[in-house]
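Have a go at each task before you read its solution.

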Amino acid sequence: MLQWQHQGKDFQAAWHSESGAPAPRRLQVVDDSLPADTAYRLACEGTSLLWQGDFQNARHLLDALKRRLDKPVRAESAKARHQRRQAGAQADAPTFPHAFHLYRQSQAQRARVLNSLLVVVQPDYVISLRRAPDWRLAFNEAWGAAAVLKGPRVVALRELLGVVAAHEWRKKGVPMPLLGDDVRVHAHYGVFSPVRGEYLDLVAEAPLPEAGEALAFDIGVGTGVLSALLLQRGVQRVVATDLSPRAISCAKDNFRRMGLSDQVDLQTCDLFPEGKAGLIVCNPPWLPGKATTTLEQSVYDPDSRMLRGFLQGLRAYLAPQGEGWLILSDLAEHLGLRSRAQLETWIAEAGLAVAGKLDTRPHHGKVQDAHDALHSARAQEVTSLWRLVAQ
């Protein structure tokens, strides 16, 4: 519980953080009179700012904090550049994984500063500030019915904006031409949206094993897009699993929208369901590391737990002549986080062999962004579908 005073009255509220961030140790009540430079200094020093002014001004202050964090480094002068060249200094290429760890540290610091601006959300999901919007529907979608709350909660304004953005994406959906001209996949809050389509192309192109036509397992269902794609390709039935209640709810909603509910059995479990299947598909998080947000759980896999668990258990759940499809980017290899030899060792130790591999290059925006801190690694990235069989 956080406690503070405002206008001579005592207040308290529960701390809420989807990423599990610790409650603020220093809390200062602020309003519209707070200059942006002062707010930035306080946030950098570790003081959280509990906003009590106009809501729209809080959004402006958050934008001001972003501008200060993202202020470009002053361009090198011609004289300094000449002196550096005279000395024979050369700009070093980033060395991974050290450069990657520095990048994550800088991103964590940036998030800490931006998450220092806090607001109070009342038990009925109302924000009791001037000009505050009505976001109750978005909060209900993300956090459940307001009736379950027992009191107000303190939340980072940046997190609230993320909830609203997820609500808008959920309404809009992501077009899925592979599933049909008018088909959209709707990602719920906390479930990774399938905006990177190259891995879907691989699943659409891979030769479907005859043993997998009757039944397939989708390990880590997420939005359900891979299950839907397998059904479109002719698989008669899919058993889809996930540990996240949000993912299960999201996939259920998408299957209902697409009229596929009768062909998919959704199960909340860790990796494999009971039984065997002729095709088992898994698209685990691609980078070993600790997730710091809910969405990052779709990107970071601590100690490659899900990847290794899938490989180690796959052979026992494959039907005769069946295949396991592992969909994985090699970005971790270019970042120095995992070697190709390590992956191949895990495959061999699990009693598996590679029957084939399909490769494609990603085409998202960061691949072309030369200013991205990880550009040299992203530019080499290849996404692959590994066709694995029991030895």
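**Exercise 1.** Are α2 and α6 roughly parallel or roughly perpendicular to each other?

*Solution.* Keep in mind that this is a predicted model. Start with the two helices: α2 covers residues 55-69 and α6 covers residues 157-172. They pack at an angle of about 100 degrees, and their axes are 11 Å apart. Angles from 65 to 115 degrees count as roughly perpendicular, so that's the label for α2 and α6. Next, look at who touches whom: F55, A58, R59 and L62 in α2 meet L157, R158 and L161 in α6. Sorted by class, that contact has five nonpolar, two charged and no polar residues.

**Exercise 2.** Check the span of α2, then work out where its buried residues lie.

*Solution.* The expected span is 1.5 Å times one less than the number of residues. Now list the buried residues of α2: F55, A58, L61, L62, A64 and L65. Looking down the axis of α2, they fall within an arc of 160 degrees, so they line one face of the helix. Their packing partners are α1, β4, α4, β5 and α6.

**Exercise 3.** Is S48 buried or exposed?

*Solution.* Find S48 in strand β4, residues 48-51. Its relative accessibility is 9%. Buried means under 20%, so S48 counts as buried. Finally, skip neighbours within four places in sequence: S48 is in contact with P24, R26, L27, Q28, S116 and L118.

Terms used. Residues are numbered from 1 along each chain as its sequence is written. This is a predicted model: local features need pLDDT of at least 70, side-chain atom pairs count only at pLDDT 80 or more; totals for chains, interfaces and linings use all residues. Side-chain values use heavy atoms; hydrogens and water are left out. Axes are lines fitted to C-alpha atoms, for helices over the stretch in contact, and angles run from 0 to 180 degrees between N-to-C directions. Helices (H or I, at least four residues) and strands (E, at least two) are DSSP runs, numbered from the N terminus. Angles under 35 degrees count as roughly parallel, over 145 as roughly antiparallel, 65 to 115 as roughly perpendicular and the rest as oblique. Contact means heavy atoms within 4.5 Å. Ala, Val, Leu, Ile, Met, Phe, Trp, Tyr, Cys and Pro count as nonpolar, Asp, Glu, Lys and Arg as charged, and the others, Gly among them, as polar. Buried means under 20% relative accessible area, exposed over 50%, partly exposed in between (1.4 Å probe, protein chains only). The arc is that of the directions from the helix axis to the C-beta atoms.
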